[in-house]
Amino acid sequence: MKNTQSLCIDFGSAYTKVALRTNSNASAELIREIPLALSDSTFCVPSVVNRVERAGRSVEWQVGKAAAEQAREPGITPYRHWKKILLSAQPAKEFIEVGVIFFKKLKNDLRAMGLGVDIDACPVRICIPRLP
């Protein structure tokens, strides 16, 4: 087996953490300073996605820290425990969309960080918790 870099994603129920393993014999190191992460931990990305409707028709998405810090107000639909539903036997279409939004934003942020890793070609190892 070729020694290769891999991303390790801890798919926690409330937070998502990402680490980089430089080769198959190395330990994974947490990636810090992810823009979506909480400022007090810099590596814990809140697994929160908000659907924001403006003027009843325009849809925007907030992900991670921005979504977690958003006050509840009309037009905002928060998704906080979407992983449990996404990983269920038959997830609703809206939760699949929420998962895609979350991971696209995470991927784009990791790509923009200049980690020296080809994010698009890098193998990914996902750790899924025992969700209730």
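Which side chains meet in a salt bridge with Arg51? In this predicted model, the partner is Glu53, and the bridge between the two side chains spans 2.6 Å from N to O.

## Salt bridges

The count of salt bridges in the model comes to 4. In the bridge between Arg51 and Glu53, Arg51 is partly exposed at 25% relative accessibility, and Glu53 is likewise classed as partly exposed, with a relative accessible area of 32%. The side chains of Arg111 and Asp120 also meet in a salt bridge, at 2.6 Å from N to O, and Arg111 has a relative accessible area of 39%, which makes it partly exposed. Through salt bridges that share partners, Lys107, Arg111 and Asp120 are joined into one network.

A further bridge links Lys105 to Asp109, where the side chains meet at 3.2 Å, N to O. Because Lys105 and Asp109 are 4 residues apart in helix α3, about one helical turn separates them. Lys105 is partly exposed, with a relative accessible area of 36%, whereas Asp109 counts as buried at 9% relative accessibility, a value that falls under the 20% limit. Leaving aside residues up to four places away in sequence, Asp109 touches Pro35 and Leu36.

## Aromatic pairs

Across the whole structure, a search finds 6 aromatic pairs. One of them is formed by Trp82 and Phe103, whose rings lie 6.2 Å apart from centre to centre with 80° between the planes, an edge-to-face arrangement. Trp82 is buried, with a relative accessible area of 1%, while Phe103 is partly exposed at 25% relative accessibility.

Phe103 also pairs with Phe102: the ring centres are 5.0 Å apart and the planes stand at 85°, so this pair too is edge-to-face. Phe102 is buried, with a relative accessible area of 0%. Together with Phe11 and Trp82, the residues Phe102 and Phe103 form one aromatic cluster.

## The largest nonpolar core

In soluble globular proteins, nonpolar side chains tend to be buried together. Here, the largest nonpolar core has 22 residues, and those with the most contacts inside it are Val18, Ile34 and Trp82. The elements that give two or more residues to this core are β1 (6-11), β2 (15-21) and α3, and among these α3 gives the most, with 5 residues.

Where does Ile34 lie? Ile34 is found in the loop between β3 (29-30) and β4 (45-46), and at 3% relative accessibility it counts as buried. Not counting residues up to four places away in sequence, Ile34 touches Val18, Thr42, Val45, Leu106, Leu110 and Met113. By contrast, Trp61 is 27 residues from Ile34 in sequence and 18 Å from it in space, C-alpha to C-alpha.

Val18, with the same exclusion of residues up to four places away in sequence, touches Leu7, Cys8, Ile9, Leu30, Ile31, Ile34, Leu106 and Leu110.

Technical notes:
Residues numbered from 1 in each chain as written. Predicted model: local features only at pLDDT ≥ 70, side-chain atom pairs only at ≥ 80, totals over all residues. Heavy atoms only, no water. Phe/Tyr/Trp six-rings, centres within 6.5 Å; stacked < 30°, edge-to-face > 60°. Buried < 20%, exposed > 50% of the residue type's maximum accessible area, 1.4 Å probe, protein only. Contact = heavy atoms within 4.5 Å. Core = buried A, V, L, I, M, F, W, Y, C linked by side-chain atoms within 4.5 Å.
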